[in-house]
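Subject: Structure handover, with notes on the interfaces

Dear colleague,

Here is the structure for you to look over, and my notes on how its parts meet follow below it. Please read them with the structure open beside you.

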Number of protein chains: 6
Amino acid sequence: MRIAIVNPNASASMTAMVLNTARGLAAPGTHIEAATNEDGPLSIEGTVDGALAVPGMLARMKRAQEAGAHAHIIACFDDTGLDAARSLLEKPVIGIGEAGAKAASFLASRFTVVTTLSCSVPILEENLRRYGLADRATVRASEMAVLALEADPGQAEARISDEIEKAIAQDRAEAVVLGCAGMTALAAGLSRRHGLPVVDGVAAAVKFAEALCALGVGTARRGLYAPPRDAAAKRKDGEERR
Amino acid sequence: MRIAIVNPNASASMTAMVLNTARGLAAPGTHIEAATNEDGPLSIEGTVDGALAVPGMLARMKRAQEAGAHAHIIACFDDTGLDAARSLLEKPVIGIGEAGAKAASFLASRFTVVTTLSCSVPILEENLRRYGLADRATVRASEMAVLALEADPGQAEARISDEIEKAIAQDRAEAVVLGCAGMTALAAGLSRRHGLPVVDGVAAAVKFAEALCALGVGTARRGLYAPPRDAAAKRKDGEERR
Amino acid sequence: MRIAIVNPNASASMTAMVLNTARGLAAPGTHIEAATNEDGPLSIEGTVDGALAVPGMLARMKRAQEAGAHAHIIACFDDTGLDAARSLLEKPVIGIGEAGAKAASFLASRFTVVTTLSCSVPILEENLRRYGLADRATVRASEMAVLALEADPGQAEARISDEIEKAIAQDRAEAVVLGCAGMTALAAGLSRRHGLPVVDGVAAAVKFAEALCALGVGTARRGLYAPPRDAAAKRKDGEERR
Amino acid sequence: MRIAIVNPNASASMTAMVLNTARGLAAPGTHIEAATNEDGPLSIEGTVDGALAVPGMLARMKRAQEAGAHAHIIACFDDTGLDAARSLLEKPVIGIGEAGAKAASFLASRFTVVTTLSCSVPILEENLRRYGLADRATVRASEMAVLALEADPGQAEARISDEIEKAIAQDRAEAVVLGCAGMTALAAGLSRRHGLPVVDGVAAAVKFAEALCALGVGTARRGLYAPPRDAAAKRKDGEERR
Amino acid sequence: MRIAIVNPNASASMTAMVLNTARGLAAPGTHIEAATNEDGPLSIEGTVDGALAVPGMLARMKRAQEAGAHAHIIACFDDTGLDAARSLLEKPVIGIGEAGAKAASFLASRFTVVTTLSCSVPILEENLRRYGLADRATVRASEMAVLALEADPGQAEARISDEIEKAIAQDRAEAVVLGCAGMTALAAGLSRRHGLPVVDGVAAAVKFAEALCALGVGTARRGLYAPPRDAAAKRKDGEERR
Amino acid sequence: MRIAIVNPNASASMTAMVLNTARGLAAPGTHIEAATNEDGPLSIEGTVDGALAVPGMLARMKRAQEAGAHAHIIACFDDTGLDAARSLLEKPVIGIGEAGAKAASFLASRFTVVTTLSCSVPILEENLRRYGLADRATVRASEMAVLALEADPGQAEARISDEIEKAIAQDRAEAVVLGCAGMTALAAGLSRRHGLPVVDGVAAAVKFAEALCALGVGTARRGLYAPPRDAAAKRKDGEERR
């Protein structure tokens, strides 16, 4: 089974970190590759970064499909371009934000997502609303920027820990989801420290991708996920009618 | 990895069918057992059957935990007693209804659940509402009773096929979920026939159970899923205050 | 008019307290009986207690129907097994949680439920969502366990009073609902003390049961509340098709 | 116990019909009066009629309070001016639309309201949304105008019967609520004929009014239902600050 | 283009203030008139004031229509009688509360309304829910009564400023809407002071009224906004059937 | 006042049609320009076209801001990239889909959007949900592709007319919104023909853009619409911490 991860941003070190987590969790027989979107922004903070990342990301995912991927993972917690990727591709496509939230929904009736900067909070809240989980989830910002996570992991863990304390006390969180691919190394430690399930979206996406592949199902090819039509097909609409 | 399936109803033949599907899909190294709730009703149609099935089901799940299960699956599409099982047990607990619906939500923006009798429709609609998927899902009854599925699989497949046609035309369904454990053998054939993803909840539950085990997470032990207290602990509440 | 109350838990003293409130409020000509579910848990704290209480509770309600009850009341604020009871029985079935919340909804645009332990909060929040009242209601825990209410009523009243103060200040509560059958004796005093309507679910259930009986209506016998089928009828589904 | 009914429209014959139903159902010791709003429109069809009816209705309700009423009923299924009446008065105020819908919600998980003209449908749908029952209710118009109900009861019953058939087949209705005070005489016959609970809002309002009186609770006096301030008090706001 | 503003309350000085704002913003060629509802309450605080204001307000709006108005504005932030006015009139009708909230929804993903007294908070929350904006809006009371705004503008500005600070810190407000026609003069200053968009509903209503007129569209004449029928038409319903 | 329209797709003829409508409606003193996104797809059908259109669209909007635009309009009914544009720019940004729906919401309590192909239906439904209008709106596809609208306007008008008939009969539509920039020429004729308000999103966006400019407000610069940070600023996050 071949799983293709794409990091929509241009940070090769984050891609490496994500790939490391993914391979550590992969089942025997699962082959995982990861591509960095060098054409994208350095990190994805907010809707402009997200919008600029998508075309380069889709191109790399298309290439992965041509190379025979059995499932695709978008390694940004914003699930950037998820619907477009599903419409473009035939195999299952999983966003790490969606995977993390849905994994938590099997374990807890309420959970809190701890993300990086507050500019991401409304984006994640809207995603959770679309996934139907907004009523049982809270989103908190650690105010650690994406690149700061790598530069100062100790500080990152401390800040995230503080937010987990608040989540338990103020949000009635029963579980926590780490809201950035760059936090993937921290899940196990934080879970032990706080005594509740801490879900890493990268890990969840890898195992759910394996699961969907094993079920032998692909992405729907109709409705929202109908394949796009090319320029030639569109031109015919007009020509036929003249 | 040991996964314990419980069939909340008393039909040993349905348990065998479910176990057969589950073992066919299990990853190497996954050991699957299934228990039949001989104390439960012959099939689960409606809320009374569901309520009467739960105590016997919980007792068998508890035994499976003592025997070292790493994850638990409730093999009734109504997800009978799911919250109680999560509160009682430490490892992940997955209902096949929840698993089927969440699997479909990774593949399609709208889907239809095809179940057995119309008495189950409001129960499944309510579950989908709780999972946050009611806005994107429709529930249809094939009017094949649970035991009729086994007795006349050809008729079952024909009736379910008719509902899938209606789901595509009237519900704008992009994918279908089979709404009864007794339909587990039909998914692949129906998917080929109708050209859209058809998800079997039993299969989805097995792969998601493996996924959650691999993530090393358990069920939350606080909030809705806090462990129950025994009679002795409750009596102390009173005695302490006299 | 005969109203049958069932206490789903095994505490005979709570049954006596509930019966005392109920008879104190009954209209002339209303005969009220109460049964204790000796087969149930000592108190109902959380979903496991609830699940284990239902079969014994349903058996006693069925007996009350055979004895000629004109309406049934489930005397646990969690409304344990309410849907199953409605499906099983022909006469109106009222849960004290539902009755208390709906009574408050005639009097106030926002109200707060003050219950016992925090493990009950998510259960009551979910019930309020199902009743359509979640947007206008808040649930608070007094952290007095059910049996502690009886053992130390003074402390119970003090703790509940503190929560009512917070409800007025923080929840903009216009009315309060007492969230446990064991609080039935406190409503009038708390209402005077805090100057807002304080609704006791037991009292509300008794008067609403009398109201529904007087209307001459029963529980719907179709859809979610269609009567259960017995094993013989289920077996025929299969046999007919072989 | 004294219950004061107000008919917001100017039709004395409808007031008489409502009073007849109400007295037929009143418990021993309940004294019921009904006032007609001669200053209001001949019938209430739509939002303009509703708006013009409220001041005259409130004046009559205030008079009933001064005369010692223990509860108030607004006998228009639109629940015209219900919030204003609750803010103005101290005792419980019940709208027949709210009472009918909440009575049905104790008996059925889905119900259909059959009203007069289609101009009332969006008004009732909005009320049901506010009561939290929109998800489980459908509203249908019989296209019998209010005054036509009285003039041709046979035709009215036939038209309403047709809508009940459609409600069972198309809305999955488990119960029906009659959506106009002028239909109060038809409930029992339609219930027998269609074999499901048919709730009359007038009857439900009378019994719920008795129930709330017996509970000894009044309308909340804060938040949405805080009492209005008079012109003198308002003038002081300004004067104090000059 | 002629725009007719009606102030539903009896305060001529507030009408003058509103007219002053409106004329200051009107496009060349827009003629604006404003009527005071001398039959209404001195100010509109709560649902009783609102209900009593509507008949006099509708009469003045009808007169404005006869005088050739191309659009109508209701100058009370509660949008008192908005649906009835739309049903009564043919040209667009805009409430200043609706206009302010919808203007903010073009500029910000979350906003806070700062109104006068807390009795208005639940009314505005309900309006925002009906406009579909409740999920992205918070309502705060400055506790400045309507008439106090005029009497002590400095104090008013200070109190509103305090609430804007809280809105930014606690509500994550990205913009603010001033929740009373009497605040119309304060928008620009508060916007500069707090560095976020501050929308005045009066100003927004004037510009949106000009916009809808320019589109050449009127209010829908069917469904909720179907024109009311007169007494003669209603009487015919009955007579025809005898 | 300068309003900058961007057509996110590459069809210059559609840009010309939109500009023609816009200039025909512009107030005296409003200067309108329109840019075509030559880097975008030929038309926007579905999420992939939308995603590929955004970077080129944002670049053109940024240029328009530098050229002194006072407001921006995105001339695709999908409101492609609307949030990103708001985050990138300082002046108001309006999508024609949002403008059309919000204009209709001032005129009707229920409306139907008639769009091009069914692949756009779920996108528009999701947008309406985000705008809070999903409960009062229905979306229908005429199955006329974008380029076919231009090639065969007669056929287009006939197909849209058929859907308007269905909208009135089946959706209880009180008004209609034309769901594609390419339909901008048809609004007036369809409104006369069907006797209900027919709103063109292009026209609505132009007038609302003028309205917001006149109010002197800009897009919020915090929360979801906080300006993006450049690569240099992001790098500093990391460097500062090493």
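Buried area, as used below, is the accessible area (1.4 Å probe) that two parts lose on being put together, summed over both. Please keep in mind that this is a predicted model, in which local features need pLDDT of at least 70 and side-chain atom pairs count only at pLDDT 80 or more, while totals for chains, interfaces and linings use all residues. Residues are numbered from 1 along each chain as its sequence is written, chains are lettered from A and ligands numbered from 1 in the order in which they are written, and side-chain values use heavy atoms, with hydrogens and water left out.

Chains C and D

Between them, chain C and chain D bury about 3300 Å², and carbon and sulfur atoms account for 65% of it. On the side of chain C, C:F106, C:L107 and C:R222 supply 24% of the area that this chain buries against chain D, more than any other three residues. In terms of contact, meaning heavy atoms within 4.5 Å, 43 residues of chain C meet 43 residues of chain D.

What holds for charged pairs here?

Helices (H or I, at least four residues) and strands (E, at least two) are DSSP runs, numbered from the N terminus. On that basis, β4 (93-95), α4 (96-105) and α9 (201-215) of chain C give two or more residues each to the side that touches chain D, and α9(C) has the largest share, with eight residues. Counting Ala, Val, Leu, Ile, Met, Phe, Trp, Tyr, Cys and Pro as nonpolar, Asp, Glu, Lys and Arg as charged, and the others, Gly among them, as polar, the side of chain C that touches chain D divides into 27 nonpolar, eight polar and eight charged residues.

Chains A and B

The contact of chain B with chain A takes 43 residues from each of the two chains, and the area buried between them is about 3300 Å², with 65% from carbon and sulfur atoms. B:F106, B:L107 and B:R222 supply 24% of what chain B buries against chain A, more than any other three residues. Zero salt bridges are found across this interface, whereas twelve residue pairs are in polar contact, both at pLDDT 80 or more. In chain B, α9(B) gives the most to the side that touches chain A, with seven residues.

Within chain A

An automatic or database domain assignment gives the domain bounds, and it divides chain A into domain 1 (2-95 + 203-225) and domain 2 (97-201). Their C-alpha centres lie 20 Å apart, and 26 residues of domain 1 are in contact with 30 residues of domain 2. The two domains of chain A bury about 2100 Å² between them, 63% of it on carbon and sulfur atoms. Two salt bridges are found across this domain interface, and 16 residue pairs there are in polar contact, both at pLDDT 80 or more. The side of domain 1 that touches domain 2 takes the most from α1(A), with five residues.

Chain A and chain D do not touch, their nearest C-alpha atoms being 16 Å apart. Likewise, no contact joins chain B and chain E, whose closest C-alpha atoms lie 17 Å apart.

With best wishes

Notes:
A salt bridge is a side-chain nitrogen of Lys or Arg within 4 Å of a carboxyl oxygen of Asp or Glu. A polar contact is a pair of N or O atoms within 3.5 Å; within protein, one must be able to donate a hydrogen and the other to accept it, and residues adjacent in sequence count only if both atoms are side-chain atoms.
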